[in-house]
Amino acid sequence: MRIIILTLLFFNACSSHVSEWKEIVYEGFPQEKRLKSTIIELDTAIFRYPFRVRIHGDKAVILDLHNADNFYHLFTYPEFTYLSSFGKKGEAPLEMLSADNIRFLGQHDVWILDANKSKLIRLGFPLSASGDSLLIREVVSLDNGILRALDFSLYNDSTFIIPDYSGAHRFCWVDRKGHLICKSGTIPTADKEALQHAGPALAQAWRSFIDYNPHNGVLAAVTQLGEVLEVYNLKDSTHVVCKGPHGDPEFSQSEGYAIPTGIMGFSDVQVTDHYIYAVFHGRTFKELSQQKGRIIDGGQYIYVFSLQGEPVCKYILDRYIYGICVDESQGTIIATDVNSDQPIVEFQVNLIKS
């Protein structure tokens, strides 16, 4: 029976969302609130560019894009006591050329992605009392048909969801062996000519960060350029496309590549049990290029949407951030600030009412 149910779910995922979706166009949010950050004091100074933060149970992992030695740093949570670093940079078989995201699998394992090697790697916490280092448990080489996997999410313990950069579809569904099961969806662009004749460049411009919540079956994708949120409910096969004032990603083409010409859009997204949270930048590339002195990087907003894609709240922050981890039960958002020597901060929120 379980096999039949899983087969039906995959059939749903791979056959739905091809061309039908509901579009929501928003100009603003019904609520706007200002949030003040609290710096989390760390006992170590190791970060170069803290891009992502993921928390599960009593552990927190920070993805550091430009660290000289290791891509990932492990801390206790909520104390943020440093434990160890992993994901060593290098070309050796057990080293990494790039790091693109991290996902916890239960309490004892994490999956990480190396886009340059086209590999997903599972690491496990040892059973010793210290638990301060990780061991490689599994390495999954991705099929050649999966073009430049720049993000991933776990659908379940044996299936990954990876954005598709061919331009023909939106997502690749990949099994535990790295084999492509199927592709689904299409880029919800108004530029049908680009969709038909410039798929790869369009897919680059529509690069999206994704997150999936298995409790409610909601998969969200936010565009790095422009202002587009897609909400896929994999339980009822509905697809909602939410477009803000900046609309579709803007770009020009040069030798088959997309050159951004509009704004920096979103940089992280999380689907919780109640809402969708996304970090939004909203600054033009012209504005960014004209910055003088120390360049400020990141977004000053966290946008909150319902699970149906309706805008709920716009949080205006006292600093620029990149990655977030939301704990609705505690009313906290942990965020990374790449501009600060104290880059891990916390915001208190009270959106969820008990």
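I began with phenylalanine 80, which sits in the loop between strand 6 and strand 7; strands here are DSSP runs of E, at least two residues long, and helices are runs of H or I, at least four long, both numbered from the N terminus. This is a predicted model, where local features need pLDDT of at least 70 and side-chain atom pairs count only at pLDDT 80 or more, while totals for chains, interfaces and linings use all residues. Residues are numbered from 1 along each chain as its sequence is written, and side-chain values use heavy atoms, with hydrogens and water left out.

Phenylalanine 80 is not a glycine, yet has a positive phi of about 60 degrees. I checked its cover too: at 1% relative accessibility, phenylalanine 80 counts as buried (under 20% relative accessible area; exposed is over 50%, partly exposed in between, with a 1.4 Å probe and protein chains only). Proline 78 lies in that loop as well, between strand 6 (70–76) and strand 7 (82–88). I found the peptide bond from tyrosine 77 to proline 78 to be cis, with omega near 10 degrees. For context, most residues other than glycine have a negative phi, and most peptide bonds are trans.

**Another positive phi.** Serine 237 has phi near 60 degrees. I placed serine 237 in the loop between strand 18 and strand 19 (238–243), and at 25% relative accessibility it counts as partly exposed.

**Salt bridges.** I counted 12 salt bridges, taking a side-chain nitrogen of Lys or Arg within 4 Å of a carboxyl oxygen of Asp or Glu. Arginine 52 and aspartate 268 make one of them, at 3.6 Å from N to O. The pair links strand 4 (residues 50–56) with strand 22 (residues 266–271), 216 residues apart. Both arginine 52 and aspartate 268 are buried.

Which residues form a salt-bridge network? I traced Asp109, Arg122, Glu138 and Arg176. Aspartate 109 and arginine 122 have their closest N and O atoms 2.3 Å apart. Aspartate 109 lies in strand 9 (residues 109–114) and arginine 122 in strand 10 (residues 119–124), so this pair ties together parts 13 residues apart in sequence. Arginine 122 also meets glutamate 138, at 2.8 Å from N to O. Arginine 122 is buried at 16% relative accessible area, and glutamate 138 counts as buried at 19%.

**Rings.** I noted 23 aromatic pairs; rings of Phe, Tyr and Trp (its six-membered ring) pair if their centres lie within 6.5 Å, and planes under 30 degrees apart count as stacked, over 60 as edge-to-face and the rest as tilted. Phenylalanine 171 and tyrosine 232 have ring centres 5.0 Å apart and planes at 80 degrees, so I logged the pair as edge-to-face. Both phenylalanine 171 and tyrosine 232 are buried.

Arginine 52 came up again: it lies over the face of phenylalanine 209, at 5.0 Å from the ring centre. The rule is NZ of Lys or CZ of Arg within 6 Å of the ring centre and within 35 degrees of the ring normal. Lysine 314 lies over the face of tyrosine 301, at 4.7 Å from the ring centre. Tyrosine 301 belongs to an aromatic cluster that includes Tyr26, Phe29 and Phe266.
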